[in-house]
Structure formats: structure tokens, C-alpha cells
Amino acid sequence: MSLAIVNGHVMDPASGLSEIANVLIDGTTIAKIGTKLTGTEVIDARDCIVCPGFVDLHVHFREPGQESKETIATGSRAAARGGFTSVVTMANTQPPIDNGGMIEFVHRRAREIACIKIWPAACATKGRAGQEMTEMAELKAVGAVAVTDDGSDIASSWVLRRVLEYANMCGLTYLAHCEDATLMEGGVMNEGYNSTKLGLPGLPKAMEEIRIDRNVRLAAMTGAKIHIQHVSTTEGLDIIRRAKERGVRVTCETAPHYWTLTDDAVTDYGTNAKMNPPLREAEDVAAIKQGLADGTIDCIATDHAPHTFSEKDVEFALAPFGIVGLETALGLILTGLVEPGTIPLERALALITSAPAQILGLPAGRLYEGGPADVTVFNPKTEWTVDPEQFASLSRNTPFAGHRLRGLVQASVCDGDVVYQLSK
Ligand SMILES: [Zn+2]
């Protein structure tokens, strides 16, 4: 069995490879990249980009415990449809992934029902309660790729210091959801002009920035590797930029909604524009784009956070935070960043392939002979309208329904298997 992806523009941002070529896959590996190659199975990639399968460091697949929102099976199909062949699943399931048995459960489910590669993150503290550290050495031994209490921050600086020291000793990166919950006070959207106008309680930017600052300082103090999740504000980025200049081992991600929408969207899209951190203001959108262009932002993650229709179909204050993101990410990147010239295509692809893989040392995000056959084929010119009814995800909570986007995934290949192909 061999698979040839022919006539496409093959791009590997990590090596700089960029040429019209064929990719020959034999079993689970890339056998050859060159001309005049053919296989028993052929994908015609004319007019398409052929690149490493996308990597997302931040998804919520809700299994175990909330399978009406998403499962490892449906989440993986949504990922494949979006061009992602590797995702890091967050640990805030019910119960949370805070022991070796739970990591093994995720791996077993992934082997049984996932069509892409699932790299589970484990909790940093037991029950995500922010009190007692998890057994990180054991978690790493059974395959956790990072530790995080995502969904919340660790309130105690003392506990976080110990977490960072222990994670560092175990060679694990801490993924930091930065939020001073004491400033939350029932806030549901960005605190500013729009929250005042709508009469909704606000989430001040300082709530995020205070903790980016503290968390980065503790990383500097301990020498540990920290990755700041879903950065959304100008000042938050500045803190990270300055820390990088000082040599702190900090990386960060942002998500497509933070450069696409402002808190104006709350008026238009209701609860599907409710996420945490919230959509910010025009100056923050500009700062996020700047951070992506100048390299302060290391990678793009979706923070894919599925919720059922009935959970979101309530008044704004009562709806849960979060939106789905896997099936709109590529379109939002090409339409919002590449087309206007904010960043070139090569950089955009690096942000969802080699860059995130490198942050956690995942064997993914590259395209080379002998490497894993994880490949995404997309047409950068195809225009399409976001229709949530077509999503492979179990959930539909997106603010982008009806948006016209450019750039559509034609096929995703994971370990040599065609796990998604656009029907003609
Ligand atoms: Zn988070």
C-alpha cells in the first residue's frame, strides 16, 4: 500500500522546502518527496498546498464526562476536517486527567476511536484544585506531554512555584491559563465601553495581565519552561515580549478569534461570542497581529471548546465560555492574516505546524523523507461559507457562521491513512 500526493506545492516551513512536487507515502512514513512518483492510491493536489499536518496545542475533547459536547472520536474528526493531525487535549474533563490511569484511558480511547494523534496534557494539581501537585514523573512516564490546570490558574504563587520546579525536573512544560479569578466578579465579557453599554459585568484586561506577569516571573525564578495560553491583550503580550528579551523560557499562543473579532461581536453573535479570555478591543486585535508578525507569539492554537446548543441557548450571563475552532482555523488564518499581508504563508504554516510541535517536543509538524506521514492538503484560493451544520464536531458554537473564508482543506493524512477528504 502506498499513497502518492501529486502535483501540489509542497511546503515544509521548518526546512524552507517550497516546490511543486509529489509526496510518496509508504505505510506510516514519507518515503520520498520528488517528481514522477506514483503510488497505488493517488491524491491530486493540483493548485493545492501540501504541508505537514497541523498541530494544535490547545483543544477540549470533553471525554470523559461531557460526551454530549464532544468525544475523542468526534473531536478527532473535527480536527482532521480542519487539517489537524496532532492535538494536545486539555485535562479539565470530568473527572480531570490528574493521574496515570487517566492518561492511559485517553491513550486507549485514542487508539480505539481517534483518527488523528492525541497528545494528552495532564493536570498540574490534583483535581485542578490548585493545592496539591500531581505525580508528574509518573504522568510523563505514561505519556503526558505537558501539565496544565487550564480552565483555571493556580491561585497560590507558592503552589505554582513548586509545580514549576517539579515540572522542570520532569522535563514537562507548564501550560498557563492566566487569570486572577478574584477580579472576575461575575464578569462575562471584556470590561470596557461595550460592557457598559450592554450593562454586562466585565472581565478587566488586568485580570489576565496580572497573572501573565506573575506566572512568567515564577518561571524566570525557577528556570522552568512556561507556555502562556490564549493571550488576548496588548499589555499581556508586552510582558511576554520583555520576558523573552531577558531570556525567560516563555512561549505563548493566541487563537484565531483574538485577531478576527472585537467585543463588538457580542452584540451580533450573542453567546457564541462568549469566551475566556473574552474578545477584546481594536487596539488589542492590532497588537495580536503585531505579535504574530514580530515573533512574540510563537504559535496559533484554537482553544477548541465545544458546548451543546442548549447550554449556549440561554441569556448571555448564564452561557458557558468557549467556542469551537478546529474547522475554521485555516480559513481565519489565510483570510485574516495571510491575505491582508500581516504574515507570509510560510510563517502562517509554521505557526500551526513546526512551531507548536517544537514547544512541546512533539514528533510532528515537519515534512521530510523518513518522517511520519502526517500531511495536510489545502486549496488556499477556495472560498467557502462557514456552515456549522457541516461541522464534524458534535458542537456548533461558533461566532463565524455565515462568514466567507478563503482556504479549504482538501485532505488530511495521518500516519499514512487518509483521515479526511473533501467530497467533490
Ligand atoms: Zn484556558
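A residue is called buried here if 20 or more other C-beta atoms lie within 10 Å of its own, exposed if 12 or fewer do, and partly exposed in between. By that criterion, buried residues make up 57% of the 424 residues in the protein chain of this predicted model.

The overall dimensions come next. For 424 residues, a compact globule would have a radius of gyration near 22 Å, and the 20 Å of the protein chain agrees with this. Along the principal axes, the C-alpha atoms fill a box of roughly 60 × 45 × 45 Å. The chain contains 14 helices and 18 strands. Of the contacts between residues at least 6 apart in sequence, 76% join residues at least 24 apart.

The interior may be considered next. In soluble globular proteins, nonpolar side chains tend to be buried together. The largest nonpolar core in this model has 123 residues, and those with the most contacts inside it are Ile5, Val23, Val50, Ala121, Val147, Tyr174 and Ile240. Leaving aside residues up to four places away in sequence, Ile240 touches Ile212, Val216, Ile228, Val231, Val250, Cys252 and Thr296. Apart from this core lies another, of 10 residues, including Met189, Leu261, Val266 and Ala273.

Several backbone features also deserve attention. The peptide bond between glutamate 63 and proline 64 is cis, with omega about 10°; proline 64 belongs to the loop between strand 6 (54–59) and helix 1 (72–81). Glutamine 94 and proline 95 are likewise joined by a cis peptide bond, with omega about 0°. Proline 95 lies in the loop between strand 7 and helix 2.

Asparagine 99 is also placed in the loop between strand 7 (84–89) and helix 2 (100–113). Because it has 18 C-beta neighbours inside 10 Å, asparagine 99 counts as partly exposed.

Arginine 128 is buried, because 22 other C-beta atoms lie within 10 Å.

Terms used:
Residues are numbered from 1 along each chain as its sequence is written. This is a predicted model: local features need pLDDT of at least 70, side-chain atom pairs count only at pLDDT 80 or more; totals for chains, interfaces and linings use all residues. A nonpolar core is a set of buried Ala, Val, Leu, Ile, Met, Phe, Trp, Tyr and Cys residues joined through C-beta atoms within 7 Å. Two residues are in contact if their C-beta atoms, placed from the backbone, lie within 7 Å. Helices (H or I, at least four residues) and strands (E, at least two) are DSSP runs, numbered from the N terminus. The radius of gyration is taken over C-alpha atoms; the globule rule is 2.2 Å times the number of residues to the power 0.38.
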